[in-house]
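I opened a new model today and went through it piece by piece. These are my notes, in the order I looked things up.

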Amino acid sequence: MDESGLCVSECSRCPALVDSRSRIVNGTGPEDADMLFVGEGPGAQEDSEGEPFVGRSGSVLDDGLRSVGLLREDVRITNCVRCRPPENRDPATEELENCRGYLEREIDLLDPEIIVTLGKVPSEHLLGRSVAVTKEAGSIEEVRIDGMPRRVLLCVHPAATLYDRSQEDTFAEALDRAASLAGIGAGDGGSGQTRLDGF
């Protein structure tokens, strides 16, 4: 981890991921963001650019944020695993566990008002149970992460809206609810400004 504790500069815990990655992809966004988005892991484009949620799913996320009065720069975006799994397969249980400490440290340092899981893998990883994301999107659970109670809001993956247009409203409603819970964006009068703007 770097001095802030938010970025991992070296890790060789998962041999398959070390072989398939070109870099470690750390979270991006403010170190005191009220809203944290957690995805599954980097894809090819994320691995290439070194930033989570770029490419088509990143555009969907950016558009969704804008629709609730937020910008990417207002929130923090990270992944369950920081290295690209080969052929974009799901991260293995062991890989998720190997990276869990980094994610918990990021959550602890950030202390967000709300954590939004993007898709099935991060939802199941943080809740510790099987999740029917399409049915449960928009629901909130309080879970203990590294001993601390955290509010987790389940959301479909942005890419789901590209393959199934019916997911667009589900995605938009979950983002709107997250913004309201965090007290930012459209939820505070539509100014698009966060509570931290004065600092």
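Predicted model: local features only at pLDDT ≥ 70, side-chain atom pairs only at ≥ 80, totals over all residues.

Entry 1: Two strands pair if DSSP finds at least two bridges between them. β4 and β5 pair in the antiparallel sense, over 6 bridges. They form a hairpin with 2 residues between them.

I then checked Asp146, in the loop between β4 and β5. Its phi is near 55 degrees, a positive value in a residue other than glycine. Most residues other than glycine have a negative phi. Is Asp146 buried or exposed? Asp146 is exposed, because its relative accessible area is 51% and the cut-off for exposed is over 50%, with buried under 20% and partly exposed in between (1.4 Å probe, protein chains only).

**Entry 2: ground rules.** Residues are numbered from 1 along each chain as its sequence is written, and side-chain values use heavy atoms, with hydrogens and water left out.

**Entry 3: the whole chain.** I counted 8 helices and 5 strands in the protein chain. From the N terminus on, the elements run α-β-α-α-β-α-β-α-α-β-β-α-α. The C-alpha atoms fill a box of roughly 50 × 40 × 30 Å along the principal axes. The radius of gyration, taken over C-alpha atoms, is compared with a globule rule of 2.2 Å times the number of residues to the power 0.38. For 199 residues a compact globule would come out near 16 Å, and the protein chain has 16 Å, so the two agree. Of the 199 residues, 48% count as buried. I also looked at contacts (heavy atoms within 4.5 Å): among those with a separation of 6 or more, 69% come from residues 24 or more positions apart.

**Entry 4: the sheet.** What is the strand order in the open sheet? The 5 strands go β2-β1-β3-β5-β4, with mixed pairing. β2 (76-79) and β4 (140-145) are the edge strands, each pairing on one side only. The twist averages 35 degrees from one strand to the next; axes are lines fitted to C-alpha atoms, for helices over the stretch in contact, and angles run from 0 to 180 degrees between N-to-C directions.

β1 (residues 35-39) and β2 run parallel, joined by 4 bridges. In that pair I found Leu36 opposite Arg76. Helix α8 (residues 167-182) lies across β1, β3 (114-118), β4 and β5 (148-155), and runs at about 150 degrees to β5.

**Entry 5: the core.** I took a nonpolar core as a set of buried Ala, Val, Leu, Ile, Met, Phe, Trp, Tyr and Cys residues joined through side-chain atoms within 4.5 Å. The largest one has 51 residues, and Met35 and Phe37 touch the most other members. β1, α3 (55-67), α4 (93-110), β3, α5, β4, β5 and α8 each supply at least two residues of this core. Setting aside neighbours within four places in sequence, Met35 has contacts that include Leu70, Val75, Ile114, Val116, Ala178 and Ile184.

**Entry 6: helix α5.** 6 of the 8 residues of α5 are buried, so this helix is largely enclosed by the rest of the structure. The buried ones are Val121, Pro122, Ser123, His125, Leu126 and Leu127. Their cover includes β1, α4, β3, α6 (133-136), β4 and β5.

Glu124 also lies in α5 (residues 120-127), and counts as partly exposed because its relative accessibility is 24%. The Glu124 side chain reaches the backbone nitrogen of Val131 at 2.8 Å, inside the polar-contact cut-off (a pair of N or O atoms within 3.5 Å; within protein, one must be able to donate a hydrogen and the other to accept it, and residues adjacent in sequence count only if both atoms are side-chain atoms). Just after α5, Gly128 takes a positive phi of about 70 degrees.
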